[in-house]
Amino acid sequence: MIGHGHGKLILCGEHAVVYGHPAIAMAVDRGTTVRLVERPGPTAATDATIDDPRLPTALRAVLPDQGFGVEIRTDLPIGRGMGSSAALAVALVRADASRRGEALDADALWERAMAVERVFHGNPSGLDHALSARGGLARYTRPAPGHRPTLEPLPLPTWGIVVLDSGAAGDTAAMVAGVASRRPAIDRDLARIGALVDEAQAALADTRALGALLDENHALLRMIGVSTPRLDELVALARRAGAAGAKLAGAGGGGVVLALADEPDAVLSAVLKAGASAFRCAIAP
Ligand code: PMV
């Protein structure tokens, strides 16, 4: 009765993806494992790895109300745009399917994990848990209600990723609601983010061109109001450290910056030397 979900990083297209534009994201080599233990009494988490008041509701979205202790282990930073809630959602659904001896297809897994993501995010695009379940690098488009998502696998790239942590958690539901409240004035920016994702897909093998598109994506995310002074500082630091491009990744308002580089170890040591909290992240195939 064990399930696992990967964390994720959004290469480009966050927020615009909520409104039907494409996004490109990757599953990362960090994630969340859930183990169910039968025991009498109400179903509840048995440790405090994830200290979130929405957790009991999230557990009830998948598991029976009674009879299980839920052990949650994660090496993802929580609330940092690395898909901790999506990884939890996928791990929970998989653990529950294994409890019932049920083989889950990708669409059923996506649909059930969506119920958990709604608890945390309000209006999730479904991107995070699609990647969390599938692994790899992929282009995602949100389906119309009642339809299946399209997830197009992309070749694994040669560039690497350095993640710089702002140290602050962002509230995804609040950031998504803030973007919604600024529409339609920002719809042109959202459409440009969508077009930029197409250009990024064509430039996946060209680190410099892709890096420039990530820089533009960050500027657009600033324009739609989801960056912070600290995230802008980290983006600038990553570029000074030799990254080909950098942007905030995830909902913003805190969380992490993703820096793209052909020589990620050199970028990592330069940003660490400058005092940032940072680490390498690999794509989970
Ligand atoms: O901050 P995260 O990891 O939850 O990413 C959210 C991505 C958004 O595009 C902002 C929302 C969504 O549901 O796609």
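Reader: How do you know that helix α8 lies across β7, β8 and β9?
Author: This is a predicted model. Helix α8 spans residues 229–240 and lies across β7 (160–165), β8 and β9. Contact means heavy atoms within 4.5 Å. Helix α8 runs at about 155° to β8.

Reader: What makes β8 and β10 edge strands?
Author: Take the order of the open sheet of 4 strands: β8-β9-β7-β10, with antiparallel pairing. β8 (245–249) and β10 (277–281) each pair on one side only, and they are the edge strands. The twist averages 25° from one strand to the next.

Reader: Why are β8 and β9 called paired?
Author: Pairing needs at least two bridges. β8 and β9 (residues 256–261) are joined by 5 bridges, so they count as paired. They run antiparallel. One of the bridges links L248 to V257 in β9.

Reader: How do you know that β2 pairs with β1, β5 and β4?
Author: Set each count against the cut-off of at least two bridges. β2 (residues 23–42) has 10 bridges to β1 (residues 2–12), so that pair passes. β2 and β5 (residues 137–141) share 4 bridges, so they pass too. β2 and β4 (residues 66–74) are joined by 8 bridges, so they also qualify.

Reader: Which residues are bridge partners there?
Author: G3 has V34 in β2 as its partner.

Methods: Residues numbered from 1 in each chain as written. Predicted model: local features only at pLDDT ≥ 70, side-chain atom pairs only at ≥ 80, totals over all residues. Heavy atoms only, no water. Helix = DSSP H or I, 4+ residues; strand = E, 2+ residues; numbered from the N terminus. Axes fitted to C-alpha atoms, helices over the stretch in contact; angles between N-to-C directions.
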